[in-house]
Amino acid sequence: MLTHSEALALEKAPSREFEELSNCAAQLRNTHWGRTLTYSRKVFVPLTNMCRDDCGYCTFVQKPGSPAARVMTPDEVMAVVKEGERLGCKEVLFSLGEKPELRYAEAREALARLGHTSMIDYLIEMCRRVLDETDLLPHVNAGTLSDTEIARLKPVSVSMGMMLENISRRLLQRGQAHYACPDKVPVQRLRTLERAGQHGVPFTTGILIGIGETWAERVDSLMAINALHQSHGHIQEVIVQNFRAKPGTAMANHPEPDLNDMVRTLVLARLLLHPSISLQAPPNLESRFAAYIGAGINDWGGISPVTIDHINPERAWPQIEALRQATARCGYGLEERLAVYPRYLKSSNRFLAAPIAARLDAITREDGLALQQCG
Ligand SMILES: O=c1nc2n(C[C@H](O)[C@H](O)[C@H](O)CO)c3cc(O)ccc3cc-2c(=O)[nH]1
Ligand SMILES: C[C@H]1O[C@@H](n2cnc3c(N)ncnc32)[C@H](O)[C@@H]1O
Ligand code: SF4
């Protein structure tokens, strides 16, 4: 839709020109996704907050030795999932630190007590329990994954995700957001995205805005995501998430991106990405919803009536009814969807393992959830 030089120029396009581009983005959303925005009713399960990486913006991560460092027990996981089920949630978002067992004895010991040697093994067990004991559907956000890890997770989850964040290697330098983060090396993130495509996993990714990247690096990141989608068709959604500065982190004093920056980036994403890719922005990290809708988003992501956003614990979820009203004031409806998007739901396709396809078949027949076909 946009050439590379048009994409670069969008950053500083004069307001009249930008308004036209923004109208194009909104129009493109209307054409491909209609006048209904979606969200997923979820519970957030932070299976472990120990992590071998040290992202400069992250408060989720806890070092062993800190009283807050932990691995959730199976009973704790199932209690929150059951509570979600009681309140009508359909997604379990497993979001966790990356491979802490490779760095910390405490993580290895905690896993050994649970009968496992790796966090991914334990995650697979818990996904299976969710499927066996509840009606919820696991979405796995566990960072970089190997071929075998993806192959083993696919039959126990409906979709997986990992933010590319940014393709820039510059951010790995000392003093930058991804210093000392082996799992944030861009080629490792890109390999995970590529492997997910090869395995036919409906995949969520995205970019993190305002962590020291340039506009050109955002353009390159979105173009890389789009190219992977062109090869494999697996990118179901792209999240454009604004960095929030947290006290106590290396980036506590780093400026947060402003609304104009977010809006321009959303327009960029809508115009660069294939229109069948859902464009999501989280509603708890910005309250001016109309600006996001005007920039062409079609989805608000996961919202929980049960759990906080453990990544941004100080940012409360909007009430779903309040979000519905705000969305309606912009002229759009709000509908619930599943963690996997409609176009992957056709049974007997390469995107769903057989037991998952059977489960989804049953759920969608009962519920008739957000099943508008797109893309
Ligand atoms: O509550 C959150 N949900 C996050 N989600 C979940 C998201 O909101 C949706 O629930 C799922 O993507 C399902 O569509 C992510 C999912 C991913 O695959 C990758 C990254 C994220 C990031 C967040 C996040 O920071 N907070
Ligand atoms: C789940 C996703 O949340 C993002 N993430 C981690 N820390 C922050 C923060 N301070 N602000 C915004 N997003 C963050 C990362 O990109 C991670 O992949
Ligand atoms: S953002 Fe993810 S990878 Fe980075 S420190 Fe936090 S938990 Fe680890």
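This is a predicted model: local features need pLDDT of at least 70, side-chain atom pairs count only at pLDDT 80 or more; totals for chains, interfaces and linings use all residues.
Residues are numbered from 1 along each chain as its sequence is written, while chains are lettered from A and ligands numbered from 1 in the order in which they are written. The mean pLDDT of the protein is 96, and 97% of its residues reach 70 or more. Here pLDDT is the predictor's confidence in each residue, from 0 to 100. For the complex, the predictor gives an ipTM of 0.99 and a pTM of 0.97.

**Overall build**

- The protein has twelve helices and nine strands. Both are DSSP runs, numbered from the N terminus: helices are H or I with at least four residues, strands are E with at least two.
- The radius of gyration is 20 Å, close to the 21 Å that the globule rule gives for 375 residues, so the protein is as compact as a globular protein of that length. This radius is taken over C-alpha atoms, and the globule rule is 2.2 Å times the number of residues to the power 0.38.
- Along the principal axes, the C-alpha atoms fill a box of roughly 60 × 50 × 40 Å.
- Of the 375 residues, 47% count as buried. A residue is buried if 20 or more other C-beta atoms lie within 10 Å of its own, exposed if 12 or fewer, and partly exposed in between; C-beta atoms are placed from the backbone.
- Among contacts with a separation of 6 or more, residues 24 or more positions apart account for 77%. A contact means that two C-beta atoms, placed from the backbone, lie within 7 Å.

**The nonpolar core**

- The largest nonpolar core holds 101 residues, and Val 45, Phe 94, Leu 123 and Leu 266 touch the most other members. Such a core is a set of buried Ala, Val, Leu, Ile, Met, Phe, Trp, Tyr and Cys residues joined through C-beta atoms within 7 Å.
- Which residues does Phe 94 contact, leaving aside its neighbours within four places in sequence? They are Val 45, Leu 47, Leu 123, Cys 127, Pro 138, Val 140, Asn 141 and Ala 142.

**The ligand shells**

- Around ligand 1 there are 17 residues, of which Gly 161, Thr 204, Gly 301, Gly 302 and Ile 311 come nearest. A residue is near a molecule or strand if its C-beta atom, placed from the backbone, lies within 6 Å of it.
- Strand β1 gives the largest share of the ligand 1 shell, three residues.
- The ligand 1 shell divides into six nonpolar, seven polar and four charged residues. Ala, Val, Leu, Ile, Met, Phe, Trp, Tyr, Cys and Pro count as nonpolar, Asp, Glu, Lys and Arg as charged, and the others, Gly among them, as polar.
- Ligand 2 has a shell that includes Tyr 57, Cys 58, Glu 165, Arg 244 and Ile 311. Its residues divide into six nonpolar, three polar and three charged.
- Residues around ligand 3 include Cys 51, Cys 55, Cys 58, Glu 98 and Asp 183. This shell has five nonpolar, two polar and four charged residues.

**Positive phi values**

- Most residues other than glycine have a negative phi.
- Lys 99 has a positive phi, near 40°. Lys 99 sits in the loop between β2 and α4 (105-113). With 21 other C-beta atoms within 10 Å, Lys 99 is buried.
- Glu 165 has a positive phi too, near 70°. The loop between β4 (159-161) and α7 (186-199) holds Glu 165. Glu 165 counts as buried, with 25 C-beta neighbours inside 10 Å.

**Across the chain**

- Ala 177 lies in the loop between β4 and α7. Is Ala 177 buried or exposed? Ala 177 counts as buried, with 27 C-beta neighbours inside 10 Å.
- Ala 177 and Cys 55 are 122 residues apart along the chain, yet their C-alpha atoms are separated by 5.8 Å. The contacts of Ala 177 include Cys 55, Gly 56 and Tyr 57.
- Phe 18 lies in helix α2. Phe 18 is partly exposed, with 17 other C-beta atoms within 10 Å. From Phe 18 to Arg 264 is 246 residues in sequence and 8.2 Å in space, C-alpha to C-alpha.
- Pro 14, in the loop between α1 (4-10) and α2 (15-33), is exposed, with 7 other C-beta atoms within 10 Å. The C-alpha atoms of Pro 14 and Val 140 are separated by 41 Å.
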